[in-house]
Amino acid sequence: MTEYSPCFCNSPEHVWRQNRREFLFVGLVGSLGLSLGNLFKLQAQSVGAKARAQSIINIFLPGGIAAQESFDPKLLAPIEYRGPLGTAKTKLEGVYFSEPLKQTAQVADKICVVRAMTHGEADHDRGTHNMFTGWRPSPAVQYPSMGSIVSHELGSRNDLPPYVCIPRQPNSFAGTG
């Protein structure tokens with residue numbers, strides 16, 4: 001019989017050994033009203049991190065391309081799951097894109113790919129609202145889309161519009177709120 005040790009992801013590689021100091025720190029952070037996101041932001045500021053996004057491209061594909069045909073080619077899966085497409089090695093160690101994304105793979109070190117997102121809504125329309133705005137739908141408030149927020153924060157450059165939907169606004173949730 002093995003000794004029980006709590007771990008993340010049900011993986012023995014990610015063992016978390018609780019100690020008194022961590023417990024007190026979590027209690028202190030919680031009592032100050034800091035969320036985990038705010039804590040990371042403060043830590044980044046203390047280190048002097050000045051990384052800032054210059055552009056954001058949000059590709060919204062409702063019912064679109066499969067994961068194994070885009071940014072997650074499932075290298076170790078059997079051929080029945082991965083499909084007939086090959087892979088393209090990126091400049092990042094151990095990261096591969098699907099074969100049709102060869103040129104994107106060459107700039108993978110300059111982009112951030114979010115491979116999976118989820119929401120707690122049972123309805124696709126409500127979930128789409130959640131993904132576009134970051135908020136659950138409300139009958140009282142029309143929330144701005146992430147694109148509108150990013151365009152407000154980053155502003156326009158070189159007389160180009162900061163937020164564009166191509167070929168058109170995909171739904172009412174992609175608007176200004």
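Biologist: Start with Y81. Buried or exposed?

Modeller: Exposed: Y81 has 58% relative accessibility. Bear in mind that this is a predicted model.

Biologist: Which element holds Y81?

Modeller: Helix α3.

Biologist: And how far apart are Y81 and Q68 in space?

Modeller: Their C-alpha atoms are 8.1 Å apart. In sequence, Y81 and Q68 are 13 residues apart.

Biologist: Zoom out for me. How many helices and strands are in the chain?

Modeller: Six helices and two strands. From the N terminus the order is α-α-α-β-β-α-α-α.

Biologist: What share of the residues is buried?

Modeller: Buried residues are 17% of the 177 in the chain.

Biologist: What about contacts between residues at least 24 apart?

Modeller: They make up 32% of the contacts between residues at least 6 apart in sequence.

Biologist: Where is I59 placed?

Modeller: In the loop between α2 and α3. I59 counts as exposed, at 57% relative accessibility.

Biologist: K74 next. What is its phi?

Modeller: Positive, about 55 degrees, although K74 is not a glycine. As background, most residues other than glycine have a negative phi.

Biologist: Where is K74, and how accessible is it?

Modeller: K74 is in the loop between α2 and α3. At 36% relative accessibility, K74 counts as partly exposed.

Biologist: New topic, salt bridges. How many does the count come to?

Modeller: Four. One of them pairs the side chains of D109 and K110, with N to O at 3.8 Å.

Biologist: How accessible are D109 and K110?

Modeller: D109 is partly exposed, with a relative accessible area of 38%. K110 counts as exposed at 63%.

Biologist: What does E121 pair with?

Modeller: E121 forms a salt bridge with R126, the closest N and O atoms being 2.8 Å apart. E121 also bridges to R136, where the closest N and O atoms are 2.9 Å apart.

Biologist: What does the pair of R136 and E121 tie together?

Modeller: Parts that are 15 residues apart in sequence, because R136 lies in the loop between α5 and α6, while E121 is in the loop between α4 and α5.

Biologist: Which residues end up in one network?

Modeller: E121, R126 and R136 are joined by salt bridges that share partners.

Biologist: Is E121 buried or exposed?

Modeller: E121 counts as buried, at 14% relative accessibility.

Biologist: Okay, T133. Which helix is T133 found in?

Modeller: Helix α5, residues 124-133. T133 is buried, with a relative accessible area of 2%.

Biologist: What does the side chain of T133 reach?

Modeller: Two backbone atoms come up here. The T133 side chain reaches the backbone oxygen of H129 at 2.8 Å. It also reaches the backbone nitrogen of W135, at 3.1 Å.

Biologist: Leaving aside neighbours within four places in sequence, what is T133 in contact with?

Modeller: Y143, P144, S145, M146 and F173.

Biologist: Last stop, α6. Which of its residues are buried?

Modeller: G147, S148 and S151, in a helix that runs over residues 146-154. Seen down the axis of α6, these buried residues fall within an arc of 100 degrees, so they line one face of the helix.

Biologist: And which exposed residues are on the face turned away from the buried side?

Modeller: H152 and E153.

Biologist: What comes just after α6?

Modeller: G155, which takes a positive phi of about 70 degrees.

Conventions
Residues are numbered from 1 along each chain as its sequence is written. This is a predicted model: local features need pLDDT of at least 70, side-chain atom pairs count only at pLDDT 80 or more; totals for chains, interfaces and linings use all residues. Side-chain values use heavy atoms; hydrogens and water are left out. Helices (H or I, at least four residues) and strands (E, at least two) are DSSP runs, numbered from the N terminus. Buried means under 20% relative accessible area, exposed over 50%, partly exposed in between (1.4 Å probe, protein chains only). A polar contact is a pair of N or O atoms within 3.5 Å; within protein, one must be able to donate a hydrogen and the other to accept it, and residues adjacent in sequence count only if both atoms are side-chain atoms. Contact means heavy atoms within 4.5 Å. The arc is that of the directions from the helix axis to the C-beta atoms.
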